[in-house]
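Hi,

Here is the structure I promised to pass on. Have a look at it first, and my notes follow below.

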Amino acid sequence: MQNNCDNVPEITENILKWYSKNFRTFPWRYTLDPYKVFVSEILLQRTSAEKVAPAFLKIIKNYPSIDKLARSDINELKKYFEDLGLFYRAELLINISKQILIEFNGKIPEKRDDLIKITGIGGYICNSILCFGYGKRYQIVDTNVIRLYSRLFGFVSTKKDIQRDPELWGLAEQVLPKKNYVDYNYAILDFAALVCKPKNPKCSKCPVNNYCTYFNKKTLNV
Ligand code: SF4
């Protein structure tokens with residue numbers, strides 16, 4: 001499948017420019033703290049960042065480390081999910097923390113091969129921790145990025161599970177800039193949430209509409 005990747009440098013530059021004026025601030029961002037990134041990513045599963053922020057702050061205050069989380073009482077931890085729902089995530093936080101405590105002496109691994117082996121850590125959370133927590137250059141692919149890249153680059157997956165499609169991960173790696181990759185990864189999350197939204201994307205005001213497969217098809221009516 002051929003993707004429309006001819007203008008990647010212009011696209012990344014425009015998205016980064018947009019981000020410099022429109023970035024969102026959340027308490028887990030730019031912390032370079034893998035523990036905070038890990039907790040935030042579990043809480044962000046199917047929940048908006050705005051809703052997650054207060055619960056995140058309370059959890060981090062009361063469970064400031066992997067060790068504390070691994071040894072926590074499940075019912076106590078579940079209380080912090082009352083406003084968020086999806087209570088299974090309390091158990092997930094504890095289970096992942098226990099594995100890290102037992103297998104890695106409480107330190108979140110910074111090697112991808114180690115991190116991805118932990119039950120409950122998928123490709124997206126793994127790369128988020130490595131990029132946002134350890135400052136390493138790893139691409140991220142979640143439902144927002146899938147939507148953005150499908151529209152922008154005309155990416156069409158041939159796989160049943162698009163989130164695990166190696167071709168998509170390859171595309172995301174190709175697009176990720178060599179510098180400013182932490183900013184870029186935050187930028188695409190904000191851009192997908194505020195501009196390339198699931199419904200009614202703001203195409204006419206979009207800074208990359210010139211290069212967008214979806215927009216050009218719609219404009220040309222093809
Ligand atoms: S032009 Fe529209 S569809 Fe394309 S990237 Fe921008 S907002 Fe998304």
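Before the rest, some housekeeping. This is a predicted model, so local features need pLDDT of at least 70 and side-chain atom pairs count only at pLDDT 80 or more, while totals for chains, interfaces and linings use all residues. Residues are numbered from 1 along each chain as its sequence is written, and side-chain values use heavy atoms, with hydrogens and water left out.

Now the salt bridges. There are 10 of them in the structure, each a side-chain nitrogen of Lys or Arg within 4 Å of a carboxyl oxygen of Asp or Glu. Arginine 137 pairs with glutamate 173, with the closest N and O atoms 2.6 Å apart. That links distant parts of the chain, since glutamate 173 sits in helix α10 (residues 166-175) and arginine 137 in the loop between α8 (123-133) and α9 (143-153), 36 residues apart. Helices here are DSSP runs of H or I, at least four residues, numbered from the N terminus. Glutamate 173 is partly exposed too, at 33%.

Arginine 29 and aspartate 190 make another bridge, at 2.8 Å between the closest N and O atoms. Arginine 29 is in the loop between α1 (8-22) and α2 and aspartate 190 in helix α11, so this pair ties together parts 161 residues apart in sequence. Both ends are buried: arginine 29 has a relative accessible area of 10%, and aspartate 190 has 0%.

On to the domains, whose bounds come from an automatic or database domain assignment. Domain 1 covers 8-24 + 141-220 and domain 2 covers 34-133. Their C-alpha centres lie 26 Å apart. Between them they bury about 660 Å², 69% of it on carbon and sulfur atoms; that is the accessible area (1.4 Å probe) the two parts lose on being put together, summed over both. In domain 1, Arg24, Trp169 and Tyr186 lose the most area to domain 2, together 47% of what that side buries.

The rule finds 1 salt bridge across this interface. Arginine 24 also bridges to glutamate 50, with the closest N and O atoms 3.6 Å apart.

Cheers

Conventions
Helices (H or I, at least four residues) and strands (E, at least two) are DSSP runs, numbered from the N terminus. Buried means under 20% relative accessible area, exposed over 50%, partly exposed in between (1.4 Å probe, protein chains only).
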